[in-house]
Amino acid sequence: MTTHAEGDPVNGSLLRSAVRAAGLRCVALGAVSTTSTAAALLLPAVLGRTLDHLLAHTPAARWVWGCAGLVLLIGVLDACGTVLGGTVTAGSTAWLRRRVTGHVLALGPRANTRFDAGELVARLVGNAAQAGAAPGAVAALFAALAGPVGGVVALALIDPWLAAVFLAGTPILTFLLRAFARDTSECVTRYQQVQGRIAAALAEAMGGFRTIQAAGTADRETARILRPLPELSRAGHRMWRVQGRAAAQAVTVAPLLQLAVVAVAGYLLTRHRLTVGEVLAASRYAVLATGVGVLVGQLSGLLRAKAATQRLAEILTEPTPVHGHRELPPGPGHLELRGVTARHGERTVLDGIDLVIPGGTTLAVVGRSGAGKSLLAAIAGRLTDPDTGEVLLDGVPLHTLRHDALRDAIGYAFDRPTLLGTTMEDTIAFGLRSPSPARVREAAGKAHADTFIRRLPHGYATPVADAPHSGGESQRLGLARAFAHPGRVLILDDALSSLDTITEHHITNSLTGPASTGTRLLIAHRAATAARADLVAWLDGGRVRAVGAHAELWGVAGYRGVFGAGDEIDVGVEARGAGWGLRGGARGVEGSGSTERALPGGPRGAEGGAG
């Protein structure tokens, strides 16, 4: 069950949420910027009055000190605004990155369905930094608007004719700003999209650098990654052309308006309706009223932030799993999949899977490549949700469980584990609520990782980054982390694939031996692993074709073909329906025509039913 978490900020509301998250700092920035603009609006009037007093040879000391005080105040406020602007931008960027990163982690495997890893990184790093400038841009934009508006009001206070002359030319400025906003939004969005494509291609190449080196195709891959550069250059040049054209047009129109205001002010001076100081103030207010350059810069920053915010909001529109409030009752780890169907795009990967795994059973899931084994493993522990159907653990649907209850009950190990944590001990203890050295070492011993960890320079305290380890040793660390997990279900998604045969044999014995507890679901590619499991579920064509002991299924050519031992398909054991239940019945079975042997004492039996 997936849905949008209540109150998810998406699209335009994400920008508003970022502004709200900035809180008092954004308010302080707006107050400082507005106060600075107010001081800048007051300065021409004080200068004009100072000039009039000086020309009249009357005492003007207090007006001179007033001018000096305003200049000093403007300088201090501008410095405070710069510091506050940087603080607001940094805080907003961090908030956006936490918000989007948390959403991506909550999505799990679904995140990569729509977005490549490189695209996600580009949005979380570059676009989040651009979007983080939005709150500061909003606060500064208000002050930038206050300057021209205040300038017009001041002109009207000096003489209404001055404001009327200026307002006669404002439709042209309004038209220029609207065209600038429209063109900038379009080209900025295009620029960011091309950046995302380059980042996605680079991340893909970094993930496959060994293949690229082995194939000798580094030059070709470099060309592929950089292929969108001309398009990026065109988008960037267009963006700067738009901004440059807007600035040039503003520079052309603004002086004409200023000249018109000064000319009218000069005429009024000759009619003794204005003083010399008021003419000076009018000329300064005309400059403030035509401050389109500042407005264009602020508007450009806000539009870039808005385009970046939209790209972050696209991630947040992806539905995240919603957890319930139920707790798990005591139980052995009885796992059941009911009518599970999962699709990838238009392709149905799992089709109406019904599978019951009794508590305490070790079930191996086998099938050809692309059969949906890893997807089934992800659904079984609710790393992702099916499109239809549900999974129950000890009778409780997984989507109704509390998040912590779910994660405490089900542990995972993967084929390529990511080793998180500072030291080797941290890596094994990762995710444990109350880790202890004894539990960490016991899990490492069970995963046959203890020996090579102790050989490291600082043993379990060795930093992960400084500890060389092979693919098999990485898998053993991942297994140790899973074994340290005290849950009732353990899911191993091909987590033994890089181990040597002897180590795999020992670990499989630990999983299936009499000392093992809980339910275990293994994604297996080796016949030896399937043979040691209590039961095997054979996936074929998105359905469970058969469930039974490995030795029993080995008699079917199609099953042997899963392991490369036969290609013929024997329809004799095809399931008469999609439903498979498992019932206990202990006996050892020796495989016909196989050197593999099922462990004695495991439950067996496949009960086919009509759904």
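Me: How many bridges join β3 to β4?
Reply: Strand β3 (residues 335–344) and β4 run antiparallel and are joined by 7 bridges; strands pair if DSSP finds at least two bridges between them, and strands are DSSP runs (E, at least two residues), as helices are (H or I, at least four), numbered from the N terminus. This is a predicted model, in which local features need pLDDT of at least 70 and side-chain atom pairs count only at pLDDT 80 or more, while totals for chains, interfaces and linings use all residues. Residues are numbered from 1 along each chain as its sequence is written, and side-chain values use heavy atoms, with hydrogens and water left out.

Me: What stands opposite I353?
Reply: V340 stands opposite I353 of β4.

Me: And which residues does I353 touch?
Reply: Leaving aside residues up to four places away in sequence, I353 touches L337, R338, G339, V340, L376, L539, G542, R543 and V544, where contact means heavy atoms within 4.5 Å.

Me: Which residue has a positive phi in the β3 and β4 hairpin?
Reply: G345 does, near 70°, and the hairpin has 2 residues between the strands.

Me: Where is the bridge partner of E336?
Reply: E336 has its bridge partner, L392, in β6. Strand β6 (residues 388–393) runs antiparallel to β3, with 5 bridges joining them.

Me: Changing topic, which element gives the most to the lining of the largest pocket?
Reply: β8 does, with 5 residues. By class, the lining has 23 nonpolar, 12 polar and 11 charged residues; Ala, Val, Leu, Ile, Met, Phe, Trp, Tyr, Cys and Pro count as nonpolar, Asp, Glu, Lys and Arg as charged, and the others, Gly among them, as polar.
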